[in-house]
Amino acid sequence: MTGPSEPRGERFPDDGPRGGSAGGGARPGGERSAGAERGQRYARGGRPGDAGRFAGGDRSREGRFGVERRGGRRPARPAVDLPRHVAYQAIAAVHRDDAYANLVLPAMLRDEGLTGRDAAFATELTYGTLRHTGTLDAIITDAAGRDVQRIDPPVRDALRLGAYQLLHTRVPAHAAVSSTVDLVRAVGPGATGFANAVLREVATRDVDGWVAKLAPSAETDPIGHLALAYSHPKWIVRAFAEALGGDLGETARLLIEDNERPPVHLCARPGLADPVELADEVGGAPGAFSPYAVYLSGGAPGELPALAEGRAHVQDEGSQLVANALAVAPLDGPDGRWLDLCAGPGGKAGLLGALAAQRGARLTAVEVAEHRARLVAQATRGLPVNVLNLDGRTVGADPKLPEGHFDRVLVDAPCTGLGSLRRRPESRWRRQPADLPPLTRLQRELLTAALRAVRPGGLVAYVTCSPHTVETHVTVTEASRRCGFPVDFVDARPLLPAGMPGLGDGPTVQLWPQRHGTDAMFLAVLRKG
């Protein structure tokens, strides 16, 4: 698996997740955890420390995999092969340090010199284990005869890694068990017998057999059944089902898609790259819907010359579609002043900036976090984009953000990121229903600020990477009702490519992984009266 496309909600391709102030920050309140900071340092090439990396012990007396060298000789074979060792360390960093896999894993792969099939195996083990943690934990609890939370964390993560290999890969059972026991010997030496027994019990059933044993009845508790069968928290499954009109069959298809390895999407910047030519250049294929999308099947997109030269950037196709929808929406009157109110880390600003260059317009990109504002400036270098390190909610109070000044405004609002769970496997276990009230309050404030910023007759696009109805329909309805301006909803469906299936009845649009192959992006387009 390669690096993920531009996420929304918990935006952390370049740093910590989105937080509680306009345009970015790590958490509500703008603080980032110490664990996330450690993950950042590691992602920038630093090492988090031998104790974390080698699970304790004096590195001067241990081999590469935490196995003591006796007589100064390297053991005949390492206790843990390198791909599994790296996967374990990445998983442990996620759970121990509140780190993010897309930050720590690439750094670990580079640090250990893993490439090709070994890197792909380590990546599959890491992301697969994180996606399926909920179901794996239920199985381990049953197999161990004790709650998984009572198992020592290093051993628990090793068991998750071993159980994933047993239930979701073609690794032979004896290899999955023996390699995991070797890993436990390195990280929790007193638990090798316990780990061996648990994994041998896990191996007595396939994943369908375990689901049949442990999942609630699909007839009496369909949400609980789907949650365990497809490894999502129940509250998220319930939110998805509500957004899909109660269709549990399609909800199951969405959950399955969330657990699949997503492709990397590139955006060929208009005026700078032709998508067909870019697809040939990178060995990919043109996208199905976005006129700028290119699909990659593998490789490391960060190493592509097109990205280094500013001709393209990594961006989910759904993210491209909603940004482009704002640019193509019919507009009467002047059309030279565009605004991206929550611009970090810069994917949509990059696309809008390239479109603005073709049309003689200029984009103002606002980002509240200074480091993310620098990312936006980097992402839009050479384009007609002015980056402001401001809180987007200060429209009217800051002379750089006057009211009634802009023709087109994008509000790419901070959200739970439930629409990008396939790209952010750990986020499904970190988000909680309690996250919604502060986020939805922030979303309403940002959308209200956007409606103040746009001129009469101008357009505002409200976008989230979440299908949760509280973050989509409720937020946009409440904000438009309370803003104090006359607002009309524009039918967003004609603003997307002709022939796209499953766009609903309008005027808003919800994209879906299982329908469109994109992240679950929501789009509402408003015209100020």
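## A four-stranded sheet

Let's start with an open sheet of four strands, ordered β2-β3-β1-β4 and paired in the antiparallel sense. Strands here are DSSP runs of E with at least two residues, and helices are runs of H or I with at least four, numbered from the N terminus. Two strands pair if DSSP finds at least two bridges between them. At the edges lie β2 (285-286) and β4 (312-314), each pairing on one side only.

Helix α14 (residues 275-282) packs on this sheet and touches β1 (264-268), β2, β3 and β4, where contact means heavy atoms within 4.5 Å. Between β2 and β3 (residues 293-296) there are two bridges, and P286 has V294 as its bridge partner in β3.

## About the model

This model is predicted: local features need pLDDT of at least 70, side-chain atom pairs count only at pLDDT 80 or more, and totals for chains, interfaces and linings use all residues. Residues are numbered from 1 along each chain as its sequence is written, and side-chain values use heavy atoms, leaving out hydrogens and water.

## A charge over a ring

Now look at two arginines. R205 lies over the face of W210, 4.9 Å from the ring centre, and the charged end of R430 sits over the ring of Y100, 4.5 Å from its centre. For this, NZ of Lys or CZ of Arg must be within 6 Å of the ring centre and within 35 degrees of the ring normal.

Key: Axes fitted to C-alpha atoms, helices over the stretch in contact; angles between N-to-C directions.
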